[in-house]
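Reader: Hey, can you walk me through this one? I'm new to reading structures.

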Amino acid sequence: MTREDHQPTNRQIERPKREVGELHRVCGSSVGIVLAFDESTTPLIVNFEDPDEEPIVCAPVEDGMSVGDGKPVARPVQMYKGKPAVCWAVDAMRASQMTAVFVVTSPALSTAVSHAVYGTKRKGGGSNVQVVEIDRHALVERTRLGANFEMFGLPFGMLELARGLADSLFEGYDNVVILESDAVRITPGHLYELCLDAMEHPEVEAVPSWIECLRRSPFLFTRDFLHGLEERGIAAVGPNGFDRPVPLVKTRDHVFGDELLAPSPAEHPVASAFLDECTIGALEALRLARAAENGEGDGGESADAVGSPAAIGTDAAGGSMSDADRELVAIAQGILHAREANGDRNADLVWADEFGRRCKLDFPLLNDRWHKGKLAYLDSAATCQRVDVSLQAQRDFDEHANANVYRGGYELSKRATDEFGRARRRIEEFIGSDEQRIAFTANTTGAANLVAQAWGEWNIGEGDLIVIPLAEHHSNMLPFTMLAERKRAEVEFVPYGPDGRLDQQAFSAALERRPKLVCAALVGNVFGIVEPVREMAKAAHEVGARFLVDAAQALSHMKLDVKDLGADWVTMSGHKGYGPFGIGALWIGDEAFDEMDPLGGGGGVVTHVGVGSYRLRPRALQYEMGTPPISQAIAWAAACDYLDGLGMDAVARHDCALTRYLVRGLHMLDGVNVVGDHDRADGQVGLVSFTVRDVLPAELAAFAGRLGVDMRSGGHCALPLHASVGLIGTGRISFGVHTTSDDIDAALVAIEACRRAYER
Ligand code: PMP
């Protein structure tokens, strides 16, 4: 049987329309679709008439029937909650009164499945089960979404099928469920695309409502369906796999992608009324809670009354407090009590707090009259605050030494050239590099693009493979997916385990395909987990691949030693290391250097130009086109001095103590799920992502921001990762050296207040 035998005909694609029309008449308005089977799934035969009956597992398929690479199919059944996943799904659908079930299958399996389903139908008479046959291989060619969707690990045919079904089914139906029972997942990203199509059918609110669900969760549900489950006390599954309820995504306007994730609390009447009433922020609430503990500032109420909002009638200045203020203080009291009960203030934390407090004095923004004592800045992963010595160094240069480098014979230019050279050397030393091995770029993204162009253009060709972990920042992914597009190369995305660690088995399997290039972050900006890149680089080199490390999130948290990493390139940004915007660096290893060629010419790139000839500047410097970021380099070097002065060991100790404190605190709060395993002993770099029940990440960040707690929300430029774990986005807290436990407790106050407001 050849693949061509299974080209879907129009008749096959259109068939559901007629049948659903029939079903609609018979069954009413709710329709469920199960995307259950493809070639990698052993078909299950489910007796839909009797959900309690054990399903018959039909494996392997008939003799002689082959799929894909020609091997007979015999794969394990996907289990969920102790049952084959499809059975669970069908039971759940029945419980929520879904009235029609489509079993979608590939032609290779359709005989077995159809037989089972139609056999049941005949037996039961009037069963609501339909089989839709689809050949995903043939559909790959037809999907306009093409390679983009490969990154989500999607079987294209399934998406195309879903789109086709959506087109034909949505009209007239108000409830469509898409489920899949296979490890191959339909992700929110796909549903979002589907949603865009569905929007052409404004009468329907259907597919795009989905929940945050367990990675490899077999199911994605509509909101109505999930409400049905919740009402029946069936919990959804959280991203860490525990059975805790997780938020339902609210409307189809807030489906996926950062732009769509920006509702403001003003859209939520209770949250916005609460915020309007607040006259204090979260840090102030903590201070008042402590004062109340000590019997100050509150007319001397007894400690017994602490925790009751009524016990706190005035703020520290004696002004009257609003109900919202009182609630905030009560929440703060609750958190302080719980901390005490948990024994969270250990010696390590006391040390880390002292360290953070001392460092805070070095950050002008955190001490100015608007922010001092009012702002908990917890977004250092996006940008570190500027440290005074770095600001001062930049200002000194700008005020007293501003001139262009290399070219001037006069004193000022010589001084600028010397200072710039010293700054380069200082930054190189800071990251363990030899001389002239870093090229200054605009940022990490610029450095990755430089590799994609100056190396990729010459070394990647048609059919070559590039391997990228799924959690990579878009900056470490798109330059290479675009390169692959240009060169007709392939990209394989390596998945993650539920603990937030790269699936090393999948990584090894990808290396067996002998990629030309592997790109990975030392520390991811969603999970905040240190990956074993040294070992990964070694393994990649053994199969002849080049290896790029994105060190953006590592730079300010650990002693970086680029040579010891064993990579070919390391990328980073100055602003992720307490330096200024507008500067980053690409470290280039010697072997990789020999395979690169400059992208472009101009001043900066050359030491000499003749008529029709030129001599390139030595090594990495030949990649700096035009005037380099001179004062930025000087400022960044001063930030390196600052970090070295603190000692990177001390920085790491501070990170570690506070990360534990944060994670324990988040675990304390109702409705909060931490993403990834932060109970592990290694690699705590002060970066934790999480979800909050009933609150969209952007709502949380906007709410917390109004209370003086700046944290991140959204996809963190890692949308493929979020899509793959079924998350619409996450909230993220990340530390700097100035972070203290008060900043963290203030964040907890804001999160708890937010969840309560959105729940009301
Ligand atoms: N990689 C990682 C891991 C990051 O966290 C970031 C910034 N969030 C980047 C790359 C991109 O950095 P930049 O915007 O400075 O280029």
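Reader: Which strands does helix H23 lie across?

Author: This is a predicted model. In it, helix H23, residues 648–668, lies across S19, S20 and S23. H23 runs at about 10 degrees to S20, the strand at 687–692.

Reader: And what does helix H26 touch?

Author: Helix H26, residues 741–759, packs on the sheet and touches S19, S20 and S23. Its direction makes about 15 degrees with that of S20.

Reader: What's the strand order in that sheet?

Author: The order is S19-S20-S23-S22. It is an open sheet of 4 strands, with antiparallel pairing.

Reader: Which strands stand at the edges?

Author: S19 (672–675) and S22 (712–714). Each has a single partner strand, so one side of each is left without a neighbour in the sheet. From one strand to the next, the twist averages 30 degrees.

Reader: How many bridges pair S22 and S23?

Author: There are 3 bridges, in the antiparallel sense, and S23 covers residues 730–734. Serine 713 stands opposite glycine 731 in S23.

Reader: New topic. Which residues surround the ligand?

Author: Among them are Asn443, His473, Asp550, Ser573 and His575. By class, the shell has 1 nonpolar, 9 polar and 2 charged residues.

Reader: How far is aspartate 550 from a ligand nitrogen?

Author: A polar side-chain atom of aspartate 550 lies 2.5 Å from a nitrogen atom of the ligand. For histidine 473, a polar side-chain atom is 3.2 Å from a ligand nitrogen. Histidine 575 has a side-chain N or O atom 2.7 Å from an oxygen atom of the ligand.

Reader: What percentage of the ligand's accessible area does the protein cover?

Author: The protein covers 88% of the 400 Å² that the ligand has on its own.

Terms used: Residues are numbered from 1 along each chain as its sequence is written. This is a predicted model: local features need pLDDT of at least 70, side-chain atom pairs count only at pLDDT 80 or more; totals for chains, interfaces and linings use all residues. Side-chain values use heavy atoms; hydrogens and water are left out. A residue is near a molecule or strand if one of its heavy atoms lies within 4 Å of it. A polar contact is a pair of N or O atoms within 3.5 Å; within protein, one must be able to donate a hydrogen and the other to accept it, and residues adjacent in sequence count only if both atoms are side-chain atoms. Accessible areas come from the Shrake-Rupley method with a 1.4 Å probe; for residues, only the protein chains shown count as cover. Ala, Val, Leu, Ile, Met, Phe, Trp, Tyr, Cys and Pro count as nonpolar, Asp, Glu, Lys and Arg as charged, and the others, Gly among them, as polar. Two strands pair if DSSP finds at least two bridges between them. Helices (H or I, at least four residues) and strands (E, at least two) are DSSP runs, numbered from the N terminus. Axes are lines fitted to C-alpha atoms, for helices over the stretch in contact, and angles run from 0 to 180 degrees between N-to-C directions. Contact means heavy atoms within 4.5 Å.
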